[in-house]
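This briefing covers the structure shown below.

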Amino acid sequence: MMQIKPNISVQKLVSPLFNGVDASVLRLDEIHSVVSGNKWFKLKYHIEEAEQQNKKTIATFGGAYSNHIVAAAFACKNAGFTSIGIIRGEKPNIFSPTLIAAQQYGMQLHFVSREDFKNKELLKQQFDTNYYWINEGGFSYTGMLGASEILQTVDTTSYTHIIAACGTGTMLAGLINAALPHQKIIGISALKGHAGLEKDILSILPDTKKNKTFSIFHNYHFGGYAKHPPILIDWMNELWQAENLPTDIVYTGKLLFAVKDLIEKAYFSINDKLLIIHSGGLQGNLSLPENTLRF
Ligand SMILES: *Cc1c(COP(=O)(O)O)cnc(C)c1O
């Protein structure tokens with residue numbers, strides 16, 4: 001896997017927005033310009049495994065704005081693999097910035113209907129079962145193992161709570177796997193009504209960790225996946241002005257809102273020390289009209 005920025009910063013939140021609670025943000029968004037945030041960690045062992053299996057081609061799945069797709073395209077090119085992206089939905093007339101970038105990194109894109117996209121096993125057979133296949137979002141034990149290393153990037157031992165956004169839950173599973181006994185793990189789901197998330201997370205944890213507890217909040221989706229009503233945009237701008245912290249409309253804007261809201265609701269106590277994972281994804285903001293965000 002390519003090098004990432006060696007000294008990952010931890011940004012302490014200082015504005016009144018967080019009521020003086022001891023909260024810091026692990027800035028994984030800064031580690032690499034393309035394979036940003038949690039994607040580098042989730043892909044790391046997949047790429048290694050594909051090398052060990054002497055595969056030539058890596059194939060994976062995602063939506064037209066998927067950070068995973070563009071990160072996988074870059075990581076595959078960097079490691080010398082041919083890459084294939086199976087994209088959900090009909091081929092658009094105008095490609096999203098994500099798809100354009102993925103293509104520039106050599107990924108061959110194939111568009112499949114939303115209906116066909118649901119049956120991944122059939123798609124694998126229709127393409128080539130000999131490819132090294134990575135699930136959507138890197139979801140697997142292998143992806144979880146890479147995400148476990150997020151907590152090794154800085155000294156995280158003193159934090160009492162580790163809080164992160166969830167899509168597939170792969171990153172959260174890694175955090176649960178790596179957390180110390182005194183640390184509580186909290187996930188903020190970016191999807192509306194993702195009822196199977198807890199079960200999915202448990203399914204990729206090592207057997208020895210399946211009894212660990214974790215909490216997921218399902219009520220901070222702002223209307224659904226990637227939905228971004230004005231109240232969310234206003235919050236992201238307010239956060240930028242108060243803390244100089246850029247967030248994205250799909251995951252981290254909602255994550256930071258949830259933290260602020262939970263603090264207001266006295267969910268945390270005065271002795272708690274929070275570590276919020278900034279999992280990247282700022283490219284997603286490119287889908288917004290110009291001047292929507294102040295950053
Ligand atoms: C992909 C992504 C996530 C979701 O990670 P999962 O491991 O699928 O839960 C969270 N935050 C950002 C910024 C992402 O790009």
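Is Asn 19 buried or exposed? Asn 19 is exposed, with a relative accessible area of 53%, where exposed means over 50%, buried under 20% and partly exposed in between (1.4 Å probe, protein chains only). The model is predicted, so local features need pLDDT of at least 70 and side-chain atom pairs count only at pLDDT 80 or more, while totals for chains, interfaces and linings use all residues. Residues are numbered from 1 along each chain as its sequence is written, and side-chain values use heavy atoms, with hydrogens and water left out.

**Overall fold**

- The protein has 10 helices and 10 strands; helices (H or I, at least four residues) and strands (E, at least two) are DSSP runs numbered from the N terminus.
- The radius of gyration is 19 Å, close to the 19 Å that the globule rule gives for 295 residues, so the protein is as compact as a globular protein of that length. The radius is taken over C-alpha atoms, and the rule is 2.2 Å times the number of residues to the power 0.38.
- Along the principal axes, the C-alpha atoms fill a box of roughly 55 × 45 × 35 Å.
- Of contacts between residues at least 6 apart in sequence, 73% join residues at least 24 apart, a contact being heavy atoms within 4.5 Å.

**Surface and charge**

- Of the 295 residues, 56% count as buried.
- The accessible surface comes to about 13300 Å², and carbon and sulfur atoms hold 50% of that area. Areas come from the Shrake-Rupley method with a 1.4 Å probe; for residues, only the protein chains shown count as cover.
- There are 27 positive and 25 negative side chains, with the centres of the two sets 2 Å apart. Lys and Arg count as positive and Asp and Glu as negative, leaving out His and the chain ends; each charge is placed at NZ of Lys, CZ of Arg, CG of Asp or CD of Glu.

**Strand S10 and its partners**

- In S10, 5 of the 6 residues are buried, so the strand is mostly covered.
- Strand S2 (residues 22-27) runs parallel to S10, joined to it by 6 bridges; strands pair if DSSP finds at least two bridges between them.
- Strand S7 (residues 161-166) is also parallel to S10, with 3 bridges.
- Leu 275 in S10 stands opposite Ser 24 and also opposite Ile 162.

**Buried sites**

- Helix H7 (residues 170-178) is mostly covered, with 8 of its 9 residues buried; among them are Met 171, Leu 172, Leu 175 and Ile 176.
- Thr 142 lies in helix H6 (residues 141-147) and is buried at 11% relative accessible area. Leaving aside neighbours within four places in sequence, Thr 142 contacts Tyr 45, His 46, Glu 49 and Tyr 132.
- Leu 288, in the segment after S10 (273-278), is buried, with 11% relative accessibility.
- Not counting residues up to four places away in sequence, Leu 288 touches His 228, Ile 233, Ile 249 and Leu 293. Leu 288 and Ile 249 are 39 residues apart in sequence and 9.2 Å apart in space, C-alpha to C-alpha.

**Positive phi in loops**

- Most residues other than glycine have a negative phi.
- Asn 19, in the loop between strand S1 (10-12) and S2, has a positive phi near 55 degrees.
- Ala 266, in the loop between helix H10 (252-264) and S10, has a positive phi of about 60 degrees. Ala 266 is exposed, with a relative accessible area of 58%.
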